[in-house]
Amino acid sequence: MAFLREAAARLTIKRDNAPIDTVDALCTFIATRSSFVAQKKLYGYLKARMGTRYPSMFEDDVFVQSINVAKLHVFAACLSDLTLHAVAKIASEGLLDREEAAALARHCHSEGLTHNRDALPQSETVDEWRDAFEKRIAKTHWQNVAVDGGAFTESPQALFRWAPIADQLKRHDREIVENSIRFAFGEVTRAFRARADLSALARNWKNQLKSG
């Protein structure tokens, strides 16, 4: 059933072409795509490494638990990366100042965690993710991130680190594994570019700040 739910989610994502012109739509896009990329690339790496043994490994409770831990950490990294990318694109047009961009990034990141709250680990781990993201946005130059695509740094490292594969088997995989998740985000960022109304998003966020 878990695999069926994931397959249905992938189909829904591929068919979703509605404009992203509200902060709510932005948060949903970031949360769902972060989860999708995390699961797709983690399972893809495991399947490639294990070959024909891949299905039988899901009968091992310890292995399944390791996958669930890895999936959450990779998701957190994907959420951090994609949030920075999307907010940088909005801010880069001169539509948001530094403080407004940072506030929007915090909001999207928090909403992404809330979107997946039923699966999240203990609160101490989530607090660590929040703290790490806060430190990251404090030193982010929004214009630079928007231009050079430098947001996608945490998720490649997290996928390589947390995938439950023996270190001796991983050691020659780093470049391939890290590039695979960057390529996956290429499709996501193209979809964002095609669907996002940056001006409308900035206006919607500014209105929320004023009303809040």
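Guide: Ala, Val, Leu, Ile, Met, Phe, Trp, Tyr, Cys and Pro count as nonpolar, Asp, Glu, Lys and Arg as charged, and the others, Gly among them, as polar. The model is predicted: local features need pLDDT of at least 70, side-chain atom pairs count only at pLDDT 80 or more, and totals for chains, interfaces and linings use all residues. Residues are numbered from 1 along each chain as its sequence is written, and side-chain values use heavy atoms, with hydrogens and water left out.

Visitor: How many nonpolar, polar and charged residues are in the lining of the second largest pocket?
Guide: A pocket is an open set of points on a 1 Å grid over the protein atoms alone, where a 1.4 Å probe fits, with protein on both sides within 12 Å along at least five of seven lines; lining residues have an atom within 4 Å of a point. The second largest pocket has 17 lining residues, and A77, W129, A132, E154 and A158 lie nearest its centre. By class, its lining has four polar, six charged and seven nonpolar residues.

Visitor: Which element gives the largest share of the lining of the second largest pocket?
Guide: Helices are DSSP runs of H or I with at least four residues, numbered from the N terminus. Two or more lining residues come from each of α4 (61-92), α8 (154-162) and α6 (123-138). The largest share, six residues, comes from α6.

Visitor: How much space lies in the second largest pocket?
Guide: Grid points are joined across faces, edges and corners, and a volume is the space filled by probe spheres set on the points. For the second largest pocket, this space is about 470 Å³.

Visitor: Why is the pair of F29 and F192 called tilted?
Guide: Rings of Phe, Tyr and Trp (its six-membered ring) pair if their centres lie within 6.5 Å; planes under 30 degrees apart count as stacked, over 60 as edge-to-face and the rest as tilted. The count by this rule is two aromatic pairs. The ring centres of F29 and F192 are 5.7 Å apart and their planes stand at 40°, so the pair is tilted.

Visitor: Is R195 buried or exposed?
Guide: R195 is found in helix α10, and a polar atom of its side chain lies 2.7 Å from the backbone oxygen of A18. With a relative accessible area of 12%, R195 is buried.

Visitor: What separates the C-alpha atoms of I176 and Y45?
Guide: I176 is found in helix α10 and is exposed, with a relative accessible area of 63%. I176 and Y45 are 131 residues apart along the chain, and their C-alpha atoms are separated by 9.7 Å.

Visitor: What separates the C-alpha atoms of T22 and A200?
Guide: T22 lies in the loop between α1 (2-15) and α2, and at 31% relative accessibility T22 counts as partly exposed. Along the chain, T22 and A200 are 178 residues apart, while their C-alpha atoms are separated by 6.8 Å.

Key:
Buried < 20%, exposed > 50% of the residue type's maximum accessible area, 1.4 Å probe, protein only. Polar contact = N/O pair within 3.5 Å; in protein donor to acceptor, adjacent residues only side chain to side chain.
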